[in-house]
Every structure is written in C-alpha cells, then in structure tokens.
Amino acid sequence: MIEEFNPQGAENLIAIADQFAQWGKVTDVQAFGSGNINDTFLVTLDSSEEEHFVLQRINTQVFRQPQLIMQNMRTFTEHIHKRLQCTRLSRRWEVPRVLLTKDAQDHWRDANGCFWRAISFIEGSQSFDSMRDRSYAPEIGFALGMFHNLISDLPPEKLADTLQGFHITPLYLQHYQEVLAKNSARQSPEVNYCLQFVSDRQTFAHILENAKAEGKLPLRLMHGDPKINNIMFDTATQQAVSVIDLDTVKPGLVHYDIGDCLRSGCNPAGEETEQWESVYFDTDLCQGILKGYLAVAKAFLTENDYAYIYDAIRLIAFELGLRFFADYLAGNVYFKVKYPEHNLARAIVQFKLTESIESQEKQIRNIIKDMK
C-alpha cells in the first residue's frame, strides 16, 4: 500500500535538497513526474555546472530495505559509467548518477526518519505515458536493449534481491489460490470468465521458472519495470537517451523485462480501457520494439533466450491479469482502485491481451525468428 506524505512547506524541502547540493544554492523545489510509489521532486540550483537534480523520498513500506536499493544503484550505475567510458556510441546515452550528501552518504534521513536520496537529472529529455506514434517503437526496444547490454557483464550476485518473489509467476499463482480458498467470489459472467481463464493456464505459469531451474535461461540482471514512461527521449532528436526508475533492478530473467515491455507497448487500447473487445496485441508494434531491442541485445542473447521470447510476452500479460484478479478477490488491498470492480476490469484487459497474443503465436514466433 502507498503511504501518504505531506512535506512541511517549501522551506523544509529546500533544507532537505540542500543536503545534496554540491554545486550551488537551491533556488526551487517542485513536485515532479507521475510515479505512484516514491515522492519525487525536481530541484533547481543557481549553478552553471549542474542546474537540476531529482530528489526522492523512498517509500519504505514498499522498499523495506532502502539502503540495499542504494547499494544496488551505486553498483550498477558505476559499472555502466565505466562501460560507457570505454564504449564508443554513435548517439547520446546517459544513465542517472547517485548524488552524495555533503558528508559523502548516498542518502539522508530527516527528523521523522524519512529516507531521502538524490539522483542526477537527464537534461533536455522527456518521458511519455503512452506511445506517441509507431516511430517510437524501435526506440523503446533500443532503450531496453541498451540497458540490458550495459549490465550484461555484471554478475547478478553483486546485487541484492530487493523485491523477493517479484515477477515469479508461480508464486503469484500460489497467492491467487490461497485468496480463492478464503474468499467466495460473487458470481458473474466476468468473474466466471477470469476463473476459467486462470484454471486453463495453471501449468503454463511455471514455464520461465522451470527453464531457469533447468539451466536453459541464465540468471541475469533485469530492470523490473520497463514501461514506456520509464524511458527518457531527447527533446530535440526524439531518440531514447536513458532508462530511469531503477529501484527494481535486481537479479532475474531478462525475459520478464522483454515480456513486460512488449505487453505494455503493444496494447494500443491501454490498461484502463473498459472496451474489452477493442483490446488486441499489435504485432507491428511488437516487430518495431523487438527490432530496436535485438539490434543491441544480440551481443549477449543465447539460442535458448530467443526460444522463450514468445512465452515471456504471453506469460507477463497473464501474470499481471492474475495479480489484478487476485487483488479483486482479496478486496482490493494492493492496487489502488477507483471503484470496487476496477481490478476485475483490469484483469479482463490483460486476459483479453493474453488471448490476442495466443491467437497470433505463429506470427509472433516468425517475427522473432526473422530478427535473429
């Protein structure tokens, strides 16, 4: 659940921001972005060296070990910076830096015990909540591929697993079954559709975890939340220049990222539509995103990795639907809702998307094959 936060006036925020201000005086602090977990602010400085940075209060109800998140972030951002120094790129690419306090700490706790951190701001860039047009698809794929490529040689054991069980579909299925045993769902055509949908795919839920256990898919580092609004685009060139929101970077399967990126990027109707018949998986967008991704990811992907890309796309849409439906049955305890059936409606969108993916399996597998 999301904890509420009320900063005690602008002066308090300026005083907090000042802990991290190494290049001049803080002149302004404004609420920033549309994230719904951490509280995020854009800090303005009277400095020509660095005009802005991002200040965040970490939500410690979601991230219970914020020190580990900062330790992870320092490890992989420093690794990427070293990689970028000895890699010649033909285009702009940046990674946010962790900014230290004046006494060289990577975070600061205020009088109330709130956990604050600062990261560099990617100047001359913007993000979007949905794809503006099809020309952005290869750029979205490129951004995820570049991010994966730059951390592909960092051993996953160097990072702590800060969100245990995150994207482990069999665990979500187990939770769903426990919720179902305790709560009798009010019968309706929509509920019956979801019950049957999950029932028909119980064995499929294990496909990626089984492949990992059998050594077919290696444990690597993953972003954890590669949706479109976590990709920054250069305001002049409209090319992707960075991937942000790095709190969920952890050991896992890159397939969870690939599946999530395609699930969110190839559904033109969006996650909140109630026009269920209009939900479909757009294979042209899929082709564009994969083209951009594989242009950079070919450097580290194995034959088995390609073999499981289709399964990843199908699984992540199913997984999110399963999570929404379980939360609806549990009484809407995790995801924020605007009305009682909101999570049920969200689940149906993801299940309809899964059906669309399944109906185009041959075409999607052919796209993957042609890109190799």
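Buried means under 20% relative accessible area, exposed means over 50%, and partly exposed is in between, using a 1.4 Å probe and protein chains only. By that cut-off, Phe 197 is buried, at 3% relative accessibility.

A word on the model. It is predicted: local features need pLDDT of at least 70, side-chain atom pairs count only at pLDDT 80 or more, and totals for chains, interfaces and linings use all residues. Residues are numbered from 1 along each chain as its sequence is written, and side-chain values use heavy atoms, with hydrogens and water left out.

Now, the rings. There are 15 aromatic pairs in the structure. Rings of Phe, Tyr and Trp (its six-membered ring) pair if their centres lie within 6.5 Å; planes under 30 degrees apart are stacked, over 60 edge-to-face, the rest tilted.

Take Phe 197 and Phe 318. Their centres are 6.3 Å apart and their planes sit at 35°, so this pair is tilted. Phe 197 is in helix α5 (residues 189-199) and Phe 318 in helix α10 (residues 309-330), so the pair ties together parts 121 residues apart in sequence. Helices here are DSSP runs of H or I, at least four residues, numbered from the N terminus. Phe 318 is buried too, at 0%.

What lies over the face of Phe 197? Arg 201 does, at 3.6 Å from the ring centre. A charge sits over a ring if NZ of Lys or CZ of Arg is within 6 Å of the ring centre and within 35 degrees of the ring normal. Elsewhere, the charged end of Arg 91 sits over Phe 142, 3.7 Å from the ring centre.

Methods
Helices (H or I, at least four residues) and strands (E, at least two) are DSSP runs, numbered from the N terminus.
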